[in-house]
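Good morning, and thank you for joining this meeting. I would ask you to look at the structure on the screen while I speak.

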Amino acid sequence: IVSGEVEVTRQEEGETLHIARLGPGDLFGEISLVLRRPASASVSAASETLSLVLPREAFLEAIREQPALLSELYELALKREEETASILAREAIDADDLILL
């Protein structure tokens, strides 16, 4: 993201969960790119936003030249997956609090 902000959300059981808000210097799409998994969230502009795109082939070339880049992105992808799982678990606990018997 060069400028602006994006909102990262995920649909769970018909509800929109807010995962994160990202701004200049942040990146997204690393989970599906590095871990080769389907996208786990949606990203939409929260304000006027300018972002850069790195096509897969250019990414593969970059990590061949700079292998440390892949390691950094892998760590970020794992961290974000853990953060998302934590948010989903917290939402499940909050929903249980609403159940009346």
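Setting aside its neighbours within four places in sequence, Arg 80 is in contact with Leu 22, Leu 27, Phe 28, Glu 30 and Ile 31; contact means heavy atoms within 4.5 Å. This is a predicted model, in which local features need pLDDT of at least 70 and side-chain atom pairs count only at pLDDT 80 or more, while totals for chains, interfaces and linings use all residues. Residues are numbered from 1 along each chain as its sequence is written, and side-chain values use heavy atoms, with hydrogens and water left out.

Where does Arg 80 sit? Its place is in helix α3, residues 67-97; helices (H or I, at least four residues) and strands (E, at least two) are DSSP runs, numbered from the N terminus. Arg 80 counts as buried because its relative accessibility is 17%, where buried means under 20% relative accessible area, exposed over 50% and partly exposed in between, with a 1.4 Å probe and protein chains only. The side chain of Arg 80 reaches the backbone oxygen of Leu 27 at 2.6 Å. Between Arg 80 and Ile 31 there are 8.0 Å in space, C-alpha to C-alpha, although they are 49 residues apart in sequence.

Together with Val 34, Leu 35, Phe 59, Ile 63, Leu 73 and Ala 77, Ile 31 makes up the largest nonpolar core, 7 residues in all. A nonpolar core is a set of buried Ala, Val, Leu, Ile, Met, Phe, Trp, Tyr and Cys residues joined through side-chain atoms within 4.5 Å. The elements giving two or more residues to this core are α1, α2 (56-65) and α3. Apart from it lies another core, of 6 residues, including Ile 1, Val 6, Val 8 and Ile 87. Within the largest core, Phe 59 touches Leu 33, Val 34, Leu 54, Leu 70 and Leu 73, not counting residues up to four places away in sequence.

On a 1 Å grid over the protein atoms alone, a pocket is an open set of points where a 1.4 Å probe fits, with protein on both sides within 12 Å along at least five of seven lines; lining residues have an atom within 4 Å of a point. The largest pocket is lined by 14 residues, and Leu 27, Phe 28, Leu 52, Val 53 and Leu 54 lie nearest its centre. The second largest pocket has 16 lining residues, with Val 8, Glu 30, Ile 31, Ser 40 and Ala 41 nearest its centre.

How values were computed. A polar contact is a pair of N or O atoms within 3.5 Å; within protein, one must be able to donate a hydrogen and the other to accept it, and residues adjacent in sequence count only if both atoms are side-chain atoms.
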